[in-house]
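Me: I am new to this structure and would like to know what stands behind the terms used for it. Please show it and go through them with me.

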Amino acid sequence: MTSRNWARVIFLVLLAAVTTIFLIQVSTGELPRFQHLDKVVHFGAFFVLAWAFYHAFPVPIWLALVFLTGYGVLIEYVQQMLPYRSSSWGDLAADAAGAVSFYAIAWWRHRRQLRRHQN
């Protein structure tokens, strides 16, 4: 199996895991929490999804961001329909920020490598 195929498998596994995590009923329990923890989780999940997507599918950045943000919209829409979950624009913003942050870093690293090869 090629590395791109492995990356696609990893992306699909991560996509299934993130979907499950965002749609299951979460018990608040006795876990220590801090304000806006859910935004950090959304940001981190979409940063990792963007990393996997980047390695799995060689598409333009804008298309990757449209796909990942569309997935974020879908997750928020489904969460809104579940009685035990809620959705928010802040979660969607954190989703998009995670994906954009990964691609900004990837773009910056690519530009840096190009400059090194030119010198």
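What follows is a set of questions about the terms, each with a reply.

Reply: This is a predicted model, in which local features need pLDDT of at least 70 and side-chain atom pairs count only at pLDDT 80 or more, while totals for chains, interfaces and linings use all residues. Residues are numbered from 1 along each chain as its sequence is written, and side-chain values use heavy atoms, with hydrogens and water left out.

Me: How do you know what confidence the predictor has in the protein?

Reply: pLDDT is the predictor's confidence in each residue, from 0 to 100. The protein averages 90, and 92% of the residues score at least 70. Mean confidence is lowest in α1, at 93, and highest in helix α3 (residues 61–81), at 96. Helices are DSSP runs of H or I with at least four residues, numbered from the N terminus.

Me: Why is the contact of Lys39 with Asp38 called a salt bridge?

Reply: The term requires a side-chain nitrogen of Lys or Arg within 4 Å of a carboxyl oxygen of Asp or Glu. In Lys39 and Asp38 the closest N and O atoms are 2.9 Å apart, so the pair meets the rule.

Me: What makes Asp38, Lys39 and Asp91 a network?

Reply: Salt bridges link these residues. Asp91 and Lys39 also meet through their side chains, at 2.9 Å from N to O. That pair links distant parts of the chain, with Asp91 in helix α4 (residues 89–118) and Lys39 in helix α2, 52 residues apart. The count of salt bridges comes to 2.

Me: Why is Asp91 called buried?

Reply: Buried means under 20% relative accessible area, exposed means over 50%, and partly exposed lies in between (1.4 Å probe, protein chains only). Asp91 has 5%, so Asp91 counts as buried. Lys39, at 24%, is partly exposed, and Asp38, at 29%, is also partly exposed.

Me: Why is Met1 called exposed?

Reply: Met1 has 67% relative accessibility, and therefore counts as exposed. Met1 lies in the segment before α1.

Me: What makes up the nonpolar surface patch?

Reply: Patch residues have over 30% relative accessible area and no salt bridge; like charges are joined within 9 Å, nonpolar side chains (Val, Leu, Ile, Met, Phe, Trp, Tyr) within 5 Å. Met1, Trp6, Val9, Ile10, Val13, Val48 and Trp51 make this patch, of about 690 Å². Two or more residues come from each of α1 (3–23) and α2 (37–56). α1 gives the most, with 4 residues.

Methods:
Areas by Shrake-Rupley, 256 points an atom, 1.4 Å probe, with all protein chains shown as cover.
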